[in-house]
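Here are some short notes to read beside the structure. Please keep the view open as you go through the points.

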Amino acid sequence: MSIPTSLRWLLLPLLVLPVVSGNGAPAPVPAPATGSTPDAPAAQVAVPTPTTAASVPAPRGEPALPDTWAGSTWPWQRHSTFAQLGRRQDTLLSGVRNSTTFEFQVRRDRLAREAELDLSFTPSPSLLPTLSHLRVYLNDAMMGVVPISNDQLGRPVQAKLPLDARLIADFNQVRLEFVGHYTDICEEPTHSSLWVNLSSNSTLRLGGQPLDMQDDLANFPLPFFDPRDTARLELPVVFAAAPTLAQQRAAAVMASYFGSLAGWWRQARFPVSFGTLPEQGHAVVLAVNGRFPPVIANHAPVQGPVIELMALPEDPQRKLLLVLGRNDDDLQKAVSAMAAGNVLFRGRQVAIDEMKPLAPRRPYDAPNWVRTDRAVRLAELLDYPQQLHANGVSPQPITVNLNLPPDLFIWRNQGIPLNLRYRYTPPFGSDESRLGVAINDQFISSFPLVRRTGKQGVAEIRLPVLAGDAGADDGRLLIPALKLGDRNQLRFDFNFASVMGSAQRDHCQTVLPPNLQAAIEEDSTIDFSGFHHYMGLPDLSAFALSGFPFTRMADLSETVVLVPPSASEAQVSLLLNLIGGLGVQSGYPAYGLRLSADWKQASALDADLLVLGALPDELRGSQQLSLLIDDQRTRLLNGQWSSPELAVQQARRGSRAGDPAVTRVAVTAQAPFAAIVGLQSPRHAQRSIVSLAASHPADYQLLDDALSDTGKREAIAGSVAILRSSGINSQFVGEHYYVGALPWWLLLWYHLADHPALLAVLATLVVLMVAFLLWRALRWVAARRLDAGKE
């Protein structure tokens, strides 16, 4: 899993040591061996062999290392490619952009004792082998130099370099600097032959040992969630037996809390078991008096809501988070307090005295969404400090992420105001230095960076989004490809044009480049207020990518989940994964979630419905239902698209005309099958139903995998998504229904836009009516004047 730049703020506690118990102090770290052969095709360095016993099992969730590092016997091992560290594509270093940084983190309950960088790169064939090389730094300390020999030019190179594990802290940076030369005189830093390509398959390997943490809730949510751990959060949940509705709700609220911590790039899963612990890793136990699982069978009854941290006697490194109560109400109170007030936790056990909500949430106020009720400062959208700053001759782009509600109505809008303020190092003269603005990798416009007399001022520009000329002098721009319900990226590119030097015959001039600086002011604003909320549903892409319409209320207070009367482990796990995923999207716990096992009761509520398992009879006969699962028999209404690829394209396009069903197919098969279906609530026109069902209890794994994988979620669209072992197929069948509200004139214009002939007739009628009324008014005024003249 990649590490986003949103975690750079953790650079501050570099010197913070892991919280360990008294018997968890590590042994002295052996110094790494040094030495390399400069002319070898790959830098091979001897690595010290640890003496820790190999019989200790590796912690849960740590990936297995390849055979090239299998000789290491540390109980904790991890390897991460550059792609997993955030660079999915190869990185190209040049003469003016000659460095790159990769960031990684280490859990607080892990101690790195050994580290190695397995570097894959291809140097330019025009480099001078004796002068060109790569410098490697760990946390600003040089670890070594990787030389480039003559037989490596233009060819893939493998180089292994040890890193000093004693320098590894919570947050770490590996920096690679390219020093390249193509000639010994009159060299131009911007020459196209100065490059080296770093492969995204380059690997950082770590080895070490786990540490025993104290049983102290002051460290919560550690060790169950560590923001320094970039792997997907997997937190098992244990019940004594099949849980009641209230117990399922308590576990779902807890899952949404941990999901809000995990974030969209890490994701979270919550495997469920009844009465048994997982084989390894930490776990959460939810139980009430008289129904404790075997692992805590000897625990004394509690006198109220209690949260307790305990270690397993046979394995002190494994921790259990006990959420206990006298009854189900105590469990729900304890879970809500865990999500809202864990900053008060300390010691081995805490008793919850009070948990009372004070104010309700408002629509569209999810922390992970851009505010749409007022202008938003760019400072509110930052993921890490110094995000709006750039430096260097060829600085890296400045990026800001925008996550918008899917139903934001921007059709033929009057513009999204962007008030931009920026500072930059003034150029030497009137050159071609410019600031480029783009969104989602699509160019919008650019502005010249001119030299100002005296102290550098602050340029102030207003960039409304209008359907006009993108290069107009008045700064009016068209922002294309704005994706609602998904993550948008606003990018600012400072491009400085400078004379770096000259390499002409008989004339050699070298110019030292200045330290160019640029910054976007944090008080720059973007304003999405004033836009209406209106959207055509069903649209499963909005559900898969942003949890809409359920996340419209961040606390899910307008969501009801219909669950089976007697849920299995797989179905409860799906519930937790689903609600945890909604917490990932909204960034807020589901305090207002409601669960029901009665269709009549759930459908009577004015709320959006999530249906897990078999559909009720009322929905099974609905004309909107495009797919029905009945044990191993499935029935599908097909649209007019013959190929799955065209069906997916139409589902993603989501035209207002819809796609009428033209065939109905029913088959029976003994193979894994699951589906996600969207339809309108039969009781409330503004409410939606999303059904998640599988043909067999074991097939719920297909739903879990699809909802926890960012790549698979992008394939979910339309009104039905079919999940099989071969992948996901989506299509849209039927007509849209609409949620939200628009002014009558905009509503009429929007729905008539697909019918130009009808729009022309209506416009003609309106013109004739206005003309007739105007004629009658003029006749009346003329008659009054004539009557006044006669008198």
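1. Start with Pro221, in the loop between strand E10 (203-210) and strand E11 (233-234). The model is predicted. In it, the peptide bond from Phe220 to Pro221 is cis, with omega near 15°.

2. Pro223 also sits in the loop between E10 and E11. The bond from Leu222 to Pro223 is cis, and its omega is near -5°.

3. Now turn to the sheet. Six strands make an open sheet, in the order E14-E12-E15-E17-E16-E18, with mixed pairing. Strand E14 (272-274) and strand E18 (349-351) are the edges, and each pairs on one side only. On average, neighbouring strands are turned by 25° against each other, direction ignored.

4. Look at one pair. Strand E12 (residues 237-239) and E14 run in the parallel sense, over three bridges. Val238 stands opposite Ser273 in E14.

5. Next, the helices. Helix H1 (residues 245-262) lies across E12 and strand E15 (283-288), at about 150° to E15. Helix H2 (residues 328-341) packs on the sheet and touches E15, strand E16 (306-312) and strand E17 (315-325). The direction of H2 makes about 120° with that of E17.

6. Check Gln267, in the loop between H1 and strand E13 (268-269). Gln267 is not a glycine, yet has a positive phi of about 65°. Is Gln267 buried or exposed? Its relative accessibility is 4%, so Gln267 counts as buried.

7. Gln386 lies in the loop between strand E19 (375-377) and strand E20 (389-391). Its phi is near 65°, a positive value in a residue other than glycine. Gln386 counts as exposed because its relative accessibility is 56%.

Key: Residues are numbered from 1 along each chain as its sequence is written. This is a predicted model: local features need pLDDT of at least 70, side-chain atom pairs count only at pLDDT 80 or more; totals for chains, interfaces and linings use all residues. Side-chain values use heavy atoms; hydrogens and water are left out. Two strands pair if DSSP finds at least two bridges between them. Helices (H or I, at least four residues) and strands (E, at least two) are DSSP runs, numbered from the N terminus. Axes are lines fitted to C-alpha atoms, for helices over the stretch in contact, and angles run from 0 to 180 degrees between N-to-C directions. Contact means heavy atoms within 4.5 Å. Buried means under 20% relative accessible area, exposed over 50%, partly exposed in between (1.4 Å probe, protein chains only).
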